[in-house]
Amino acid sequence: MAGLALYLHIPFCARKCRYCAFVSHPLPGGGAGKALVRDYLRALRREINTAASLAGRQVLGSIYFGGGTPTLLDPSDLVSLLEEIREHFDWGDDIEITVEANPGTVSADGLRLLRDAGVNRLSIGAQSFNPEELELLGRIHGVAEIYSAFYAAREAGFDNLSLDLIYGIPGQNPSGWRAVLEEAVALHPEHLSVYGLSLEEGTPLAEEVAGGRLQACPEETQVALWEITGSLLKAAGYERYEIANFARPGRQCRHNLTYWLNRPYLGIGAAAHGYFNGIRYATHGDLKTYIENSLRGRLPRAWEEHQTPEQERTDTVIMGLRLTRGLSRSAFRHRFGYSFEDVFGEQLAVLEQEGLMEENDEFIYLTERGRLLANYVLAHFV
Ligand code: SF4
């Protein structure tokens, strides 16, 4: 996996989903929305320029358009952003270029345009195959749109497709979840990301649960859904290579591996995060501030922090342990100049005794139970 990773954030959505706490803004209709997108695209191009002049002409190993809803933009706008990137960066031979796609916002022509421009991976936000759950989540699409987006993507030549799914939705039970997974697997995606629903403060869904109008999925049900996920996807030929991510052999998401291996990446766009030259940073989330700063030729950063060796070590451990194969002892020693046990020997011994971690000659990793209790386990290394 050679080359720098570049993340580009598109912070617009058709409307806000009822569980969403991401930085995304419903795009106003008519002229106001068009003007906002135009200004935002200008700001993005400018930031690509500014970032490239500081980073130098790097070789990119992956590009990831995330959101928000990148596919809410006209596909030709995404293509022109890729052209801008190409002017300033070299592309690695086997570059992975992903676009997050909301099934309610794609067309066959648009997907063909993206594919022809070099996009070679789509991450489709299906979330569920149950119409009532999609409704409860406030998604803008139904089940039929997931199918048509998926088939249109195949038709356009995408041979690397990922589906996002959410479990732990209020009212969900093991047989309903099994049906959702079976429907997803029947489409034969190369990759699946399966996240537990997080009830984020301030979202309509969290408020309904807090107000007693909806019942959160009980913890024991969530554990049952997690276990079904692992066994069903394994039986279908998917390897869980990260806590929430499953892939067919060779189809792991290379861009996201950059994060888990704590390698550098550039984050471009409002509310993007990056890690480059030993500095971790976030750009302005407020669109107006982001656009103004970027168009003035400044790096539109809301904050940045030079990483101390201890911070780098902590991030490397807590991100690396999310991977099923675990943390490489030799890579750790090479990066920090001492062994994992030199610093975390005690924690490792305790967690091994609790049956939450294991090790072999090369890797230190979480057990199946350790992955289920990942937050508890990883807190030992912060
Ligand atoms: S599509 Fe994604 S980013 Fe947009 S509102 Fe829904 S969950 Fe949030």
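A residue is called buried when its relative accessible area is under 20%, exposed when it is over 50%, and partly exposed in between, with a 1.4 Å probe and protein chains only. The legends below describe a predicted model, in which local features need pLDDT of at least 70, side-chain atom pairs count only at pLDDT 80 or more, and totals for chains, interfaces and linings use all residues. Residues are numbered from 1 along each chain as its sequence is written, and side-chain values use heavy atoms, with hydrogens and water left out.

**Figure 1. A salt bridge between Glu-242 and Arg-322.** A salt bridge is a side-chain nitrogen of Lys or Arg within 4 Å of a carboxyl oxygen of Asp or Glu. In this pair the closest N and O atoms are 2.5 Å apart. Glu-242 belongs to strand 9 (residues 239–242) and Arg-322 to the loop between helix 11 (309–320) and strand 15 (327–328), so the contact ties together parts that are 80 residues apart in sequence. Helices (H or I, at least four residues) and strands (E, at least two) are DSSP runs, numbered from the N terminus. Glu-242 is buried at 1% relative accessibility, whereas Arg-322 is partly exposed at 23%.

**Figure 2. Further salt bridges in the model.** The count of salt bridges comes to 16. In one of them, the side chains of Arg-329 and Glu-359 meet at 2.2 Å, N to O. This pair links distant parts of the chain, with Arg-329 in helix 12 (residues 329–336) and Glu-359 in strand 16 (residues 357–359), 30 residues apart. Glu-359 is partly exposed, with a relative accessible area of 34%. Glu-304 and Arg-301 also form a salt bridge, at 2.8 Å from N to O. Glu-304 is partly exposed at 44% relative accessibility, and Arg-301 is partly exposed at 21%. Arg-38, Asp-39 and Arg-42 are linked in a network of salt bridges.

**Figure 3. The residues around the ligand.** A residue is counted here if one of its heavy atoms lies within 4 Å of the molecule. The surrounding residues include Cys-13, Arg-15, Lys-16, Cys-17, Tyr-19 and Cys-20. Phe-22, Ser-24, Gly-68, Thr-69, Asn-102 and Arg-139 are also among them. By class, the shell has five nonpolar, four polar and three charged residues. Ala, Val, Leu, Ile, Met, Phe, Trp, Tyr, Cys and Pro count as nonpolar, Asp, Glu, Lys and Arg as charged, and the others, Gly among them, as polar. Cys-17 is buried, at 12% relative accessibility.

**Figure 4. Cys-253, a buried cysteine.** A disulfide is a covalent bond between the sulfur atoms of two cysteines. Here it is assigned to a pair of cysteine sulfur atoms within 2.5 Å, and the structure holds zero disulfides. The sulfur of Cys-253 is too far for a bond, because the closest cysteine sulfur, in Cys-13, is 19 Å away. Cys-253 has a relative accessible area of 0%.
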